[in-house]
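Reader: Please put the model up first. I will then ask about particular places in it.

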Amino acid sequence: MKSKDIAIVGILLAIGAILRYFLAMLHTPLTPNMIIAFYCLAIILIAPTMLEAVGIGLVAGVLSMLISGSIFPPANLISEPLGALVCFAVYALIKNRSKLAPTATTFLVTLVSGFSFAAIALIAVMPTIVQKYHTLDAFIIVFVPIVVVTAVFNAVIVQILYIPANRVLSRG
């Protein structure tokens with residue numbers, strides 16, 4: 001990866017981390033993960049190799065884990081690299097088919113990341129989740145809308161930011 005690309009990834013992940021930090025301060029039951037939007041934007045803009053995309057996801061996972069109010073922060077170490085891999089693959093498949101490829105990719109990636117996070121957390125800390133939410137259904141009722149709303153928000157943010165960011169990077 002070129003040093004320019006590393007700088008772009010670093011800046012975008014920093015922006016996502018700052019937004020996640022402020023959202024975590026709200027102390028909601030689950031924290032929406034804005035880092036996903038910014039690693040998607042980074043992958044879409046710089047077109048890394050598959051291993052570089054997974055590396056971006058791993059860094060995003062560490063950041064997400066460190067800035068988390070979630071029930072099982074280490075799950076981010078799996079859910080974010082998985083999301084980055086999905087971003088790499090899906091965007092490669094649809095980038096030339098639609099101007100809304102960044103939107104569709106980011107929406108799907110956020111769902112994959114969010115639901116894989118939930119599955120990992122359920123496996124790892126089911127008793128804690130049941131104790132906190134009283135039933136598995138209550139956890140799902142709280143979790144699913146947060147993931148879906150975050151997916152929509154992330155998709156819109158990436159689409160809005162993609163156009164000017166792509167123009168700036170094309171000139172440089």
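**Inside, surface and loops**

Reader: Are Tyr133 and Phe139 buried or exposed?

Author: This is a predicted model, in which local features need pLDDT of at least 70 and side-chain atom pairs pLDDT 80 or more, while totals for chains, interfaces and linings use all residues. Residues are numbered from 1 along each chain as its sequence is written, and side-chain values use heavy atoms, without hydrogens or water. Relative accessible area (1.4 Å probe, protein chains only) is under 20% for buried residues, over 50% for exposed ones and in between for partly exposed ones. On that scale, Tyr133 and Phe139 are both buried.

Reader: What is the geometry of the aromatic pair of Tyr133 and Phe139?

Author: Rings of Phe, Tyr and Trp (its six-membered ring) pair if their centres lie within 6.5 Å; planes under 30 degrees apart are stacked, over 60 edge-to-face, and the rest tilted. The whole structure holds four such pairs. Tyr133 and Phe139 are 5.3 Å apart centre to centre, with 65° between the planes, so the pair is edge-to-face.

Reader: Which residue has a polar contact with the side chain of Ser64?

Author: Ser64 lies in helix H3 (residues 50-66) and is buried because its relative accessible area is 0%. Beyond four places in sequence, its contacts (heavy atoms within 4.5 Å) include Arg20, Ile35 and Glu80. A polar contact is a pair of N or O atoms within 3.5 Å; within protein, one must be able to donate a hydrogen and the other to accept it, and residues adjacent in sequence count only through side-chain atoms on both sides. At 3.0 Å, the side-chain partner of Ser64 is Asn33.

Reader: What is phi of His134?

Author: Most residues other than glycine have a negative phi. His134 sits in the loop between H5 and H6 and is exposed because its relative accessibility is 64%. Its phi is positive, near 75°.

Definitions and conventions:
Helix = DSSP H or I, 4+ residues; strand = E, 2+ residues; numbered from the N terminus.
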